[in-house]
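Visitor: I would like to learn how to read the packing in a model like this one. Could we take it feature by feature?

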Amino acid sequence: MWLNQRTVDAIRIMTALAVAHPRLTKAALLSERTGITPLNVQKTANILVQAGLIDAVRGPQGGLRLPREPALLSVGEIARAFEPEDCPVNFLSVTPAEARISNLMFRAHREFFRPLESTTLADLAGAG
């Protein structure tokens with residue numbers, strides 16, 4: 001299992017915002033700090049705003065910032081905004097062996113996300 005690139009970009013953007021917290025940060029500066037293209041910063045930030053994970057302030061003095069303390073935002077919250085919540089195993093268990101496979105995949109999926117849920121942006125920003 002792995003995270004898609006947009007999710008990884010979102011984690012990097014949010015970590016940069018955690019370092020700057022509580023100050024507003026321009027998208028162009030986030031692009032410079034993370035190496036993510038300006039277009040991808042904008043696309044990812046739009047999704048994060050819709051998910052309530054960042055605040056966007058428009059205008060010449062505007063920018064992006066976290067809506068709450070970095071210690072109160074888990075990496076799992078970010079991943080859930082970009083990744084499917086359901087386990088990627090989508091077949092009906094017809095045989096006992098298939099049921100065991102399905103059960104294993106669901107457990108693996110849950111365990112994959114466990115460290116994401118227990119890690120905060122403060123941890124990643126070095127402030128936790």
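Guide: Leaving aside neighbours within four places in sequence, L48 is in contact with A10, I13, M14, L53, I54, I78 and F82. Contact means heavy atoms within 4.5 Å. This is a predicted model: local features need pLDDT of at least 70, side-chain atom pairs count only at pLDDT 80 or more, and totals for chains, interfaces and linings use all residues. Residues are numbered from 1 along each chain as its sequence is written, and side-chain values use heavy atoms, with hydrogens and water left out.

Visitor: Which residues touch the most other members of the largest nonpolar core?

Guide: The general idea first. In soluble globular proteins, nonpolar side chains tend to be buried together. Here the largest nonpolar core has 26 residues, and M14, L48, I54, L66 and I78 touch the most other members. A nonpolar core is a set of buried Ala, Val, Leu, Ile, Met, Phe, Trp, Tyr and Cys residues joined through side-chain atoms within 4.5 Å. Buried means under 20% relative accessible area, exposed over 50%, partly exposed in between, with a 1.4 Å probe and protein chains only.

Visitor: Which elements give two or more residues to this core?

Guide: They are α1, α2, α3 (38-50), α4 (75-82) and α5 (96-117). α1 gives the most, with 7 residues.

Visitor: How many helices and strands does the chain have?

Guide: It has 6 helices and 2 strands. From the N terminus on, the order is α-α-α-β-β-α-α-α. Helices (H or I, at least four residues) and strands (E, at least two) are DSSP runs, numbered from the N terminus.

Visitor: How do I read two packed helices?

Guide: Two packed helices are described by the angle between their axes and the distance between the axes. Axes are lines fitted to C-alpha atoms, for helices over the stretch in contact, and angles run from 0 to 180 degrees between N-to-C directions. Take α3 and α4: they pack at about 105 degrees, with axes 10 Å apart. α3 and α4 are therefore roughly perpendicular to each other. Angles under 35 degrees count as roughly parallel, over 145 as roughly antiparallel, 65 to 115 as roughly perpendicular and the rest as oblique.

Visitor: Which residues of α3 and α4 meet?

Guide: T44, I47 and L48 in α3 meet I78, A81 and F82 in α4. By class, this contact has 5 nonpolar, 1 polar and no charged residues. Ala, Val, Leu, Ile, Met, Phe, Trp, Tyr, Cys and Pro count as nonpolar, Asp, Glu, Lys and Arg as charged, and the others, Gly among them, as polar.

Visitor: At what angle do α4 and α5 cross?

Guide: Roughly 130 degrees, with axes that come within 6 Å. α4 and α5 are therefore oblique to each other. V75, G76, A79 and R80 in α4 meet F113, L116 and E117 in α5. The residues of that contact divide into 4 nonpolar, 1 polar and 2 charged.

Visitor: Is α4 mostly covered or mostly uncovered?

Guide: Mostly covered: 6 of the 8 residues of α4 are buried. They are V75, G76, E77, I78, A79 and F82. The buried residues of α4 pack against α1, α3, α5 and α6 (121-125).

Visitor: Where do the axes of α1 and α2 stand to each other?

Guide: The axes of α1 (residues 5-20) and α2 (residues 27-34) come within 10 Å and cross at roughly 110 degrees. That makes α1 roughly perpendicular to α2. R12, I13, A16, L17 and A20 of α1 make the contact with L30, R33 and T34 of α2.

Visitor: What joins H21 and P22?

Guide: First, the background. Most residues other than glycine have a negative phi, and most peptide bonds are trans. Here a cis peptide bond joins H21 and P22, with omega about 10 degrees. P22 is found in the loop between α1 and α2.

Visitor: Is V19 buried or exposed?

Guide: V19 counts as exposed, at 54% relative accessibility. V19 lies in α1. The C-alpha atoms of V19 and A122 are separated by 8.1 Å, although the two are 103 residues apart along the chain.

Visitor: What does L124 touch?

Guide: Not counting residues up to four places away in sequence, L124 touches I11, T15, V75 and T119. L124 lies in α6 and counts as partly exposed, at 41% relative accessibility.
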